[in-house]
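The exercises below are meant to be worked through with the sequence and the model side by side. Try each task before reading its solution.

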Amino acid sequence: MRINGDRLWDALMDMAKIGPGIAGGNNRQTLTDSDAEGRNLFKTWCDEAGLTVDVDKMGTMFATRPGTDPNALPVYVGSHLDTQPTGGKYDGVLGVLGALEVVRTMNDLGIKTKHPIVVTNWTNEEGARFAPAMLASGVFAGVHSLDYAYGRKDPEGKTFGEELKRIGWLGEEEVGSRRMHAYFEYHIEQGPILEAEEKTIGVVTHCQGLWWLEFTLTGKEAHTGSTPMNMRVNAGLAMSRIIEMVQGVAMENQPGAVGGVGQVFFSPNSRNVLPGKVVFTVDIRSPDKAKLDRMRAKIEAEAPVICDALGVGYSVEAIGHFEPVTFDPKLVTAVRDAAEKLGYSHMNLISGAGHDACWAAKMAPATMVMCPCVGGLSHNEAEEISKEWATAGADVLFHAVLETAEIVA
């Protein structure tokens, strides 16, 4: 039994028309009008597939295909439809539409399962507009409160709660009231390993832990041309030295550690004015909890020393965190067995990125399936996969989900 690869690919391309980027990808950030339009299209497809769509107070969409046993807990399958500001067409979307294709294929083949299957679109996985990432699944798992989530602000000062209501996707269901039998998530790798190793399927065994550390440095706004070098209070210089220090800390902890900075806000952000304030986020990750915590401690110990030497004010706030995750061995085996049964090359993989599956794993047995992406490129409009890769991963997802949901003869 195989999924319909052409139908899956067509769905991916149709969704990519919503919130187009400027270079072939997508800008469908969470709780924007484009996000609402993508949700509407997804709901239409779910309705056509005979699924019942419910929405919780975080805007997460749950589309249910009934099982034969009314007392059996559902198998959840999903990911997210929101993107980065310059995102690709597949990050997250492949997991949602791959899950939809699983139930579409079940409908085609007349397959019934003991357990219901719930196709899920989690709100604000990316965290690009409202930090932290994986916000809705974090509230679902009890990591964040609903009030905390509603109060998160985007760079323009708009709150998550206000924007969720504005786009019309504020549901009534209590967040986290659902119980799960299991959770599967299908995703592109977002890294180069599968392609380099010429493997089609990533059997995800673990997910790296993460800290997002938001630094606020306070200097003195001054003219860049007329302020002597020895009289400057340069928050930009302090930031650059902290970034170099983060690079060193990550390299000291090899293998299995990464660190860097991808977002910086200068104020007033003028060519000839030294910044009075710089806000930036350090992203550090490792599958080893002790190593991850050691990196954070060293960064937070050395950063104020750098700032003090330059007379720059300093504060830091942890705005995102999750511990390293070990996925459920039984579900991991189901994914591996499906790949072998279908004849797809595969290998064990540790996810370098965070996913909603990390929080779902706190609530139920969980795991992930991954397919390669060209050059390992993601969070970039040039992100690309092949139809064959997309189909293969969805085939594996299909069989692993059916085994877990228990086909009824």
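Helices (H or I, at least four residues) and strands (E, at least two) are DSSP runs, numbered from the N terminus. The model is predicted, so local features need pLDDT of at least 70 and side-chain atom pairs count only at pLDDT 80 or more, whereas totals for chains, interfaces and linings use all residues. Residues are numbered from 1 along each chain as its sequence is written, and side-chain values use heavy atoms, with hydrogens and water left out.

**Exercise 1. Locate Asp35, decide whether it is buried or exposed, and list its contacts.**

Step 1. Asp35 belongs to helix H2, which covers residues 33-48.

Step 2. Buried means under 20% relative accessible area, exposed over 50%, and partly exposed in between (1.4 Å probe, protein chains only). Because its relative accessibility is 3%, Asp35 counts as buried.

Step 3. Contact means heavy atoms within 4.5 Å. When residues up to four places away in sequence are not counted, Asp35 touches Arg28, Gln29, Thr30 and Ile167.

**Exercise 2. Describe the "binding site" that UniProt lists at His80, Asp91 and His187.**

Step 1. The set comes from an unreviewed UniProt entry; UniProt positions are given in the numbering used here, feature names are shortened, and annotations may be inferred rather than shown by experiment.

Step 2. His80 sits in the loop between strand E3 (75-79) and helix H3 (93-109), and at a relative accessible area of 0% His80 is buried. Its contacts, not counting residues up to four places away in sequence, include Asp91, Trp122, Glu126, His187 and Asp356.

Step 3. His187 is part of strand E6 (residues 182-188) and is likewise buried, with a relative accessible area of 1%. Among its contacts, leaving aside neighbours within four places in sequence, are His80, Asp91, His355 and Met370.

Step 4. A polar atom of the His187 side chain lies 3.3 Å from the backbone nitrogen of Gly92.

**Exercise 3. Examine the "binding site" that UniProt places at Asp91, Glu126 and His379, and say how His379 is joined to Asp91.**

Step 1. This feature, too, is taken from an unreviewed UniProt entry, at Asp91, Glu126 and His379. These residues span 289 residues in sequence, yet no two of their C-alpha atoms are more than 9.7 Å apart, so they gather at one spot.

Step 2. The lining of the largest cavity includes Asp91, Glu126 and His379. On a 1 Å grid over the protein atoms alone, a cavity is a set of points where a 1.4 Å probe fits but cannot get out, and lining residues have an atom within 4 Å of a point.

**Exercise 4. Work out how H3 packs against helix H12.**

Step 1. Axes are lines fitted to C-alpha atoms, for helices over the stretch in contact, and angles run from 0 to 180 degrees between N-to-C directions. H3 and helix H12 (residues 387-405) pack at an angle of about 60°, their axes being 9 Å apart.

Step 2. From H3, the residues that meet H12 include Leu94, Gly98, Val102 and Leu109, and on the H12 side Ala390, Leu397 and Phe398 are among the partners.

Key: Polar contact = N/O pair within 3.5 Å; in protein donor to acceptor, adjacent residues only side chain to side chain. 1 Å grid on protein atoms, 1.4 Å probe; cavity = no way out; pocket = protein on both sides within 12 Å on 5 of 7 lines; lining within 4 Å.
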